[in-house]
Amino acid sequence: MLNDKRALTEDLIRDADGLFVGLLRNAMIGVYIIQDNLFRYANPRFAEIFGYTQAEICGAIGPGDLIAPGEENKVLGAISQRLDGQAETAHYVFTGRRKDGGLIDLEVFGNRTAFEGRPAIIGMLVDITARCAAERIANEQLNFIGQLIEAIPSPLFFKDEKARYLGCNKAFEAFIMRPRDTIIGRSVFDISPPELAARYHEADKALFDHPGVQTYEASVEATDGMRRDVIFNKATWLHADGSLGGLVGVITDITERKQTEALVWVQANYDPLTGLPNRRLLHDRLGELLKKAHRDHESVAVLYIDLDRFKEVNDTLGHEAGDRLLVDAARRIVGCVRESDTVARQGGDEFTVLLPGLSDRLPLERIADDIIQALDRPFNLGDDLAYVSASIGITFFPQDATSPIDILKNADQAMYHAKDAGRNRFSYFSPAMQENALQRLQLGRDLRSALAEGQLELHFQPILHLASGEVRKAEALLRWNHPTRGQIPPDEFIPVAEELGLIDAIGTWVFERAIATIKHWRDLRPTPANEPCPLQITVNTSPRQFLRGRSLDVLMLRLEGAGLPGSCIAIEITEGLLLDEQPAVIAQLARLSAAGIQVSIDDFGTGYSAMAYLKRLDIDTLKIDRSFVRDLTTDPGDLAITEAIIAMAHKLDIKVVAEGVETLAQQERLSAAGCDYSQGFLFSRPLPAAAFFELIAQRP
């Protein structure tokens, strides 16, 4: 072996001249010799690197001519150390200056030697400008990536293929409340609680087993002891050779987002006033209950609750008091049912109770009675006490219906049946209710086209002035000639018109027909403009029409446009409209009075006993209800009441009309009591316009 090495050395020495010449001719490396502060030799590549020819360098310039400003000390110092014998070799990088002034990055390898018996340096030089530029770009990119990682507000970490931490950003340090130098080289078992560490490790292992990306949510315990909801987004990274290098992960804290989502969900599903489930959540729960009941062959009972007279509380005490009542009502209803039951607020003053597993009527009726009694107790609203009651509709799944929509619709219909039956009670759904509801629905559809198709008409019932025997008034009575059902009475279709919002349009039509009737009568019997209207038509007006409609405005405009005095029309309203003396009612009465339009109270004395409003409000006429007139000649009590009403009205300068007069004896008693007007079948039934005109034309 030793002989082989000696033989190789001898071969190299023998061929040294040839090898050196080959090195000098190398097209990649610049070779030079420095002596006496001059380049004694430079190969072609060296000259090319600096932009010179060999002739321009060899023996003509020295190292200082090829050094960029600021680099002199480093380069010339290294040269001096070797020439002085302080160092044998040197290896360094410096910035050179080309002939054209351009700067280049160079790497130098130089040895001290002797040339012609004197100290010299022989060296090799490589142009590394491109490499340095690439390194600078790489360093800038690494620096940018590092700054970017630090700037990311979410915690970021990266690990090697054994799931040991390689690094992290400042946000991760803050998240785990530990500096990064304490986690590098460690695993999750070294820095996290055992339970969390095991979960993290399993997730990392799953990602390494199937490289790519991994996203999952977790609820973690931060180092401050608080539970945080987070999302882990992880991805594997590879070495240059394609082998697994490790993973990088980002933690997104979604605690606030989860809290916001939970708040939004609560706001979307719970009533903000009472805290009960709202209509949306009610439908969801009802749907789930019906599915479960279907699977288990069970029943579900549904109670639909509406507070009677709640609107009066809002109107008299204000909406704040109404809200307090609703909150207390919700609490009382919840107190009457089981914890497994659902109490929801449908909206307004309507509540719904879902009672799973109940099909027997006895326990169900006990719950309904408890709710009715609970809501019947007075509500303490600060300085005021309020009273309401409850109307409850009850229906069953699957006996009455199988879909949530139909179940709630049935319960709603049963509730309205309880209201119609007198309120403060409960009512079970029956198929007949559904049939009635469908009939009302069809009636509403037909009513929408009744006006346009001319199916409505007015009949007029004369009102006799008892003292003179003249017809001075008439009541306009609306009739509907249905194309297939024939005559439909007003008490059947007027409530439908009110529900559908058609009452104002119908009321406007009635006023216009009444004005046309009066105008026609004036044309038949010309009356000077300054004289009172010879015929007054009384028109029934719905409370909704009176308070919120536009028909009264239309009435005043039409009277003015026709040149008729306001006294030609009288508005007939119910007594209940006046009891609360609402500002809107008082204002409307004042407008009518200013226009000369009179106001008549229909069915006086049948519904309420408070009559103080008569002396404060502009009332012109009272109508004694037919229930008092019917037994006037046989019941002393009815006669006494009638006489008292007439006397009281006259004391207040109010005229009196008695309706339902059918016998001459009744009319004589009324006349003797001082009644002003008589209306009834004794004189005439309601008549179509032509027959009405013919009748009154025969009167003197």
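**View 1. Side-chain polar contact of serine 391.** The side chains of serine 391 and aspartate 308 are joined by a polar contact of 2.8 Å (a pair of N or O atoms within 3.5 Å; within protein, one must be able to donate a hydrogen and the other to accept it, and residues adjacent in sequence count only if both atoms are side-chain atoms). The model is predicted: local features need pLDDT of at least 70 and side-chain atom pairs pLDDT 80 or more, while totals for chains, interfaces and linings use all residues. Residues are numbered from 1 along each chain as its sequence is written, and side-chain values use heavy atoms, with hydrogens and water left out.

View 2. Serine 391 belongs to strand β16 (strands are DSSP runs of E, at least two residues, and helices runs of H or I, at least four, numbered from the N terminus). Serine 391 is buried, at 0% relative accessible area (buried: under 20%, with a 1.4 Å probe and protein chains only). Among the residues that serine 391 touches are Tyr304, Asp306, Met415 and Arg425 (contact: heavy atoms within 4.5 Å).

**View 3. The open sheet.** Five strands, in the order β12-β13-β11-β16-β17, form an open sheet with mixed pairing (strands pair if DSSP finds at least two bridges between them). β12 (342-347) and β17 (425-428) are the edge strands, each with a single partner, so one side of each has no neighbour in the sheet.

**View 4. Pairing of β12 and β13.** Strand β13 (residues 350-356) runs antiparallel to β12, and five bridges join them. Glutamate 350 in β13 is the bridge partner of glycine 347.

Notes. Buried means under 20% relative accessible area, exposed over 50%, partly exposed in between (1.4 Å probe, protein chains only). Lists of a residue's contacts leave out its neighbours within four places in sequence.
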